[in-house]
Every structure is written in C-alpha cells, then in structure tokens.
Amino acid sequence: MKILITDKLAKEGIDLLKSMPDVEVVVKTGISEDELSSIIGQHDGLIIRSATKVTAKVLANPGIFKAVARAGVGIDNVDVKEATRKGIIVMNTPGGNTLSAAEHTMTLMLAMSRHVVPACNSLKAGKWDRKLYEGNQLNNKVLGVIGLGRIGMAVAKMASQGFNMKVLGYDPLAVPPDTGKLGVEITDKLERIFKESDYITVHVPKNEQTLNMINTDQIAMMKPTVRLINSARGGIINEDAVYKALAEKRIAGAALDVFPKEPPEDTRFKNLDNCLVTPHLGASTMEAQIEVAVEAAQILTDAIRGTSISNAINAPSTAGSVPPLVGKYAELARRIGAVLSNIAPGVVKQVQVEYRGAIAEMPVLAVTLNFEIGLLQKHFEMPLNMVNTPVLAKERGISIDVTKNPTPKDVASSFSAKVVTDKVTRTITGSVFGEKLLRIIEIDGFDAEITPQGSVVVIFNADKPGVIGSVGTLLGKHKINICTMGVGQKLDQQKAVLMVSLDKTPDEDTVADLRKLDFVNEIYICKLD
C-alpha cells in the first residue's frame with residue numbers, strides 16, 4: 001500500500017511505516033491543494049497534521065484512496081462529510097496528547113504562582129527584585145476543573161496527587177467513575193467553582209454551551225486571588241472580560257494558551273505582568289508528537305488492511321446490512337437523543353431505552369448507538385460515531401440499560417428513551433410510521449406528535465387558552481415558519497407541552513421574546529439537522 005505524508009511527522013512514525021514490508025511511504029510536505037488533488041487517488045492512505053486541508057476538491061477523484069489519519073485531535077481541516085460520502089475513513093489520535101496538555105496546564109499554574117516570566121525578564125534586565133516576585137504555593141489550594149474528560153482528569157490527578165491540591169470538579173455531561181479514587185469533589189453547580197476556587201482550569205469542547213462560559217458575571221463571583229487557565233479552546237474564557245479583570249487587578253492572574261483566532265491579532269496582553277500567554281503549546285512536546293505519529297501510522301495501516309478500525313470519526317457505512325426499518329429507527333433514535341440532550345440539563349445519572357413491538361425483535365445495536373450519539377454529541381468537539389461513542393461514553397461513566405418487549409403499546413412499534421440527571425427526568429417515545437415517517441409521539445407523559453427535523457422548540461407551559469396562537473404569531477413576526485406542531489395536556493395538573501419543528505433556528509431575540517410569554521415555564525431549542 002502507498003501511504004502519503006503531507007505534513008511534518010515525527011521520524012518514529014515514518015520509521016514504523018517503512019518497517020512494514022507491504023508499505024511504500026511517500027513524503028511530500030507543503031504541497032498545494034491542486035497538487036494534492038492530482039495525486040491523492042494514487043495513494044491508499046494519507047497522514048496529516050493541521051496544515052494540510054483535505055477538502056471536497058481534494059476528494060473529488062479518490063481513486064484507490066481509502067483512509068486519512070490525523071496525527072492529533074482536531075479534524076477541522078478535513079471535510080468529514082464529503083469523505084464519508086466517498087466512503088473514506090477519517091481517523092484521529094485523541095489520546096496521544098493527553099499528558100502533554102495536562103502537564104502544560106500545570107506548567108502555566110506554576111509559572112503564574114511563582115511569577116516565573118516577569119521575574120526572569122526582571123533579572124535579565126539587571127534587577128534583583130526577590131521581594132516583588134514573592135509567589136504562592138499550590139499545596140492545599142482549591143483547583144476548580146471544568147470538564148472531566150481525559151485531559152481534565154489527568155490535570156485533576158496531577159494536582160491532587162502531585163501537589164496536594166483540593167480539586168473541585170464539574171462536568172456538564174457526566175461524572176467519570178475514577179473521580180472518587182483521585183479525591184475529586186464533584187459539584188453540579190458551576191457557581192461553586194467560581195466562588196471557592198483559587199485556580200480555575202477549563203477542559204471542555206468549544207460549542208454553543210461553552211462559548212464565553214467564563215465572562216464578566218462569572219468573574220464577579222470569583223476571589224480576587226483567583227488565577228484562570230485556558231489550554232482548551234479559545235473563547236471559552238471571554239478575552240475582553242479577563243483582560244478587564246486583569247487590568248483592574250480584579251483577579252490575580254490568567255494564563256492563556258489558546259485564542260479565538262490563532263495567531264491572535266490582539267497583542268494587548270503584552271502590557272499585563274499578571275497574564276501569561278503561550279502560542280498553543282498544549283500538545284507541543286516531542287513525546288506527544290512521537291506518540292501521535294506512531295499511533296496515526298498504526299491505525300491507518302490497520303484500517304487499510306481491514307484488520308481493525310480505531311478512532312474513526314466516521315464509521316464505515318452499514319447500509320444494506322440491516323433491515324430498512326432498523327435504519328429508520330436508528331435515525332429516529334439519534335434525533336430523540338439530540339432532543340433529550342437539550343431538554344435534560346445536568347449531570348447524567350441513568351439512561352434507559354426500551355424497544356416495543358416489531359422493532360424489539362430485530363437487531364437494534366445500531367439504533368442504541370445512534371441514540372447515544374445524539375445524546376452525547378454536543379459535549380464533544382470531534383464527531384461521534386458507532387466506533388468512538390461507546391469508548392467515550394464509558395470514560396464518562398455512562399451506560400445504557402436496554403429492554404426489549406415484542407408486545408406493542410399504542411402503536412405497532414416504538415422506541416422510548418429515559419434520561420435521569422441530577423436536575424430532571426425526561427422521557428421521549430417515538431415511532432416510524434409506514435417504515436419511513438419519523439415521529440415523536442410522547443414527551444414526559446404528554447401525548448404530542450411532531451416530525452423531529454430541522455430545529456425543534458420544546459415549551460413546557462401552563463395549560464391556558466391562546467398558547468398556540470401566541471407562539472405562532474410571535475414566530476411569524478420573526479419570519480419563522482412552523483413545519484409541524486404537537487400539543488399535549490395534563491388537565492389535572494394544568495400543565496401542557498408545545499413542540500414545534502421549524503424551517504430555521506430561532507435567533508436570540510426570538511428566544512428572548514418566547515421566554516417573555518406569560519405561560520412559558522421552560523423552553524428549549526434543539527437543532528436536529
């Protein structure tokens with residue numbers, strides 16, 4: 001097989017490929033999109049880092065090209081959708097930089113605490129300001145860790161076991177099972193992190209929920225001695241807010257390794273001694289680069305040989321290998337999972353799914369996995385699929401209890417999912433009509449039917465006249481069209497639910513206007529396409 005390498009890769013990865021008798025290695029770094037497009041079809045596999053862009057144009061004539069491996073985590077430079085359409089496997093190496101990123105977080109904490117950079121610059125300038133740069137110990141300080149994935153857990157372990165820090169952990173998805181062994185105290189309230197921590201570090205993906213997670217309001221809750229660290233993604237900590245807080249000495253310090261735009265155009269932090277900045281060095285160690293290079297070489301050749309597929313971003317298509325009804329239920333389950341991920345806030349404690357009727361007598365693993373993908377996707381930057389989802393869910397301590405009952409209830413066949421968090425319990429039931437029409441038919445015991453597509457708005461409201469008219473009028477005012485609508489009531493409780501699927505996602509102004517309606521108790525926006 002011919003393996004093309006178009007970015008700088010650690011020698012150990014190349015040597016591994018060359019040691020394989022059935023592999024021919026071609027290294028062409030710095031090539032243009034046009035050149036890559038012209039030669040990609042002559043190679044079985046491609047290894048890249050962040051520089052090479054695998055675009056739709058590159059993939060237009062794939063020839064014998066079968067798989068691409070990214071030596072690193074981010075796959076923003078790969079058109080995954082087009083690769084999937086062309087049947088090309090896309091893989092990454094998410095575990096290779098865990099320790100390097102965690103160690104860099106600790107490096108930033110220590111450097112801030114001991115004023116390493118300004119003290120170094122002062123001494124080089126001929127000064128001897130020992131008193132000016134008196135620092136602080138990490139020992140016995142409270143570290144708030146937001147995001148308890150691989151890197152967050154590694155930081156928690158280093159801090160608690162290596163520096164005797166008190167670790168207070170928060171994760172928007174679930175609590176990993178190892179937190180107790182590490183002495184991590186879990187909280188479901190971010191406010192505790194902000195109010196009690198001496199150091200706060202973020203390790204969550206960047207998405208709509210985490211963008212500007214730490215802003216002016218959150219900083220106002222913090223101790224004046226707090227120090228902030230962001231080595232995850234630029235924008236999770238709002239730069240304007242942290243700059244203002246540093247300039248006004250509202251907080252003791254901040255360390256930023258990542259920025260909303262890289263390289264950053266704004267150089268204002270150079271004027272602040274209490275701010276430490278580094279050029280996205282989290283994964284930039286020799287060891288990490290060797291590990292991801294070797295891993296990329298191994299998983300790529302394994303995938304091309306067909307022996308195994310690891311860390312696949314887009315699992316190979318299973319079309320034709322399962323009954324058509326199972327495929328439709330898999331799509332329905334993914335959409336139900338996405339709705340539940342929005343309407344069930346909090347840390348996941350329990351997940352149950354139930355199959356009833358005809359679907360219960362079929363192989364449903366793909367359906368369960370697609371539900372899991374829909375439920376968890378917004379908590380991860382990388383696209384989830386049937387390969388990586390079970391592993392990532394297990395790391396977070398999430399398991400799904402599955403029951404199958406061939407006796408139908410209400411409809412000939414149905415899929416139900418129940419999610420219990422530390423805040424709410426939510427249940428959704430759906431069915432496929434005529435083996436092709438996807439429907440949600442029940443939510444939290446309310447009989448309400450809609451087509452789960454586009455953007456779905458779920459409103460839990462007081463049961464009173466005028467709800468449908470008010471919502472419809474308001475959406476019309478904002479030029480948003482209703483595709484399907486479902487209404488359910490619990491007359492004895494004077495409660496109701498209104499679900500509408502829309503032709504476009506409501507903006508912030510529309511959502512704000514909907515919240516102002518006097519009958520609205522809860523409102524959730526769910527993007528399904």
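Helix H1 passes helix H10 in a right-handed crossing. This is a predicted model.

**The H1–H10 pair**

Two packed helices are described by the angle between their axes and the distance between the axes. Here H1 covers residues 11-18 and H10 covers residues 286-305. Their axes lie 7 Å apart, at an angle of about 25 degrees. That angle makes H1 roughly parallel to H10, because angles under 35 degrees count as such.

Which residues of H1 meet H10? They are Glu12, Gly13, Leu16 and Leu17. On the H10 side, the partners are Ile290, Ala293, Val294, Ala297, Gln298 and Thr301. The residues of this contact divide into 6 nonpolar, 3 polar and 1 charged.

**Helix H9 and its cover**

Helix H9 spans residues 239-247. Its buried residues are Glu239, Ala241, Val242, Ala245 and Leu246. Seen down the axis of H9, they fall within an arc of 165 degrees, so they line one face of the helix. An α-helix has 3.6 residues a turn, so residues three or four places apart point the same way.

The elements below are among those that cover the buried residues of H9.

| Element | Residues |
|---|---|
| Helix H8 | 216-220 |
| Strand S10 | 227-230 |
| Strand S11 | 253-256 |
| Strand S12 | 275-277 |

**A loop residue, Asn97**

Asn97 sits in the loop between strand S5 (89-92) and helix H4 (98-113). Is Asn97 buried or exposed? It counts as buried, because its relative accessibility is 13% and the cut-off for buried is under 20%. Leaving aside neighbours within four places in sequence, Asn97 is in contact with Val73, Ala283, Ala288 and Val292.

Technical notes:
Residues are numbered from 1 along each chain as its sequence is written. This is a predicted model: local features need pLDDT of at least 70, side-chain atom pairs count only at pLDDT 80 or more; totals for chains, interfaces and linings use all residues. Side-chain values use heavy atoms; hydrogens and water are left out. Axes are lines fitted to C-alpha atoms, for helices over the stretch in contact, and angles run from 0 to 180 degrees between N-to-C directions. Helices (H or I, at least four residues) and strands (E, at least two) are DSSP runs, numbered from the N terminus. Angles under 35 degrees count as roughly parallel, over 145 as roughly antiparallel, 65 to 115 as roughly perpendicular and the rest as oblique. A crossing is left-handed if the near helix is turned anticlockwise from the far one by less than a right angle, and right-handed if clockwise. Contact means heavy atoms within 4.5 Å. Ala, Val, Leu, Ile, Met, Phe, Trp, Tyr, Cys and Pro count as nonpolar, Asp, Glu, Lys and Arg as charged, and the others, Gly among them, as polar. Buried means under 20% relative accessible area, exposed over 50%, partly exposed in between (1.4 Å probe, protein chains only). The arc is that of the directions from the helix axis to the C-beta atoms.
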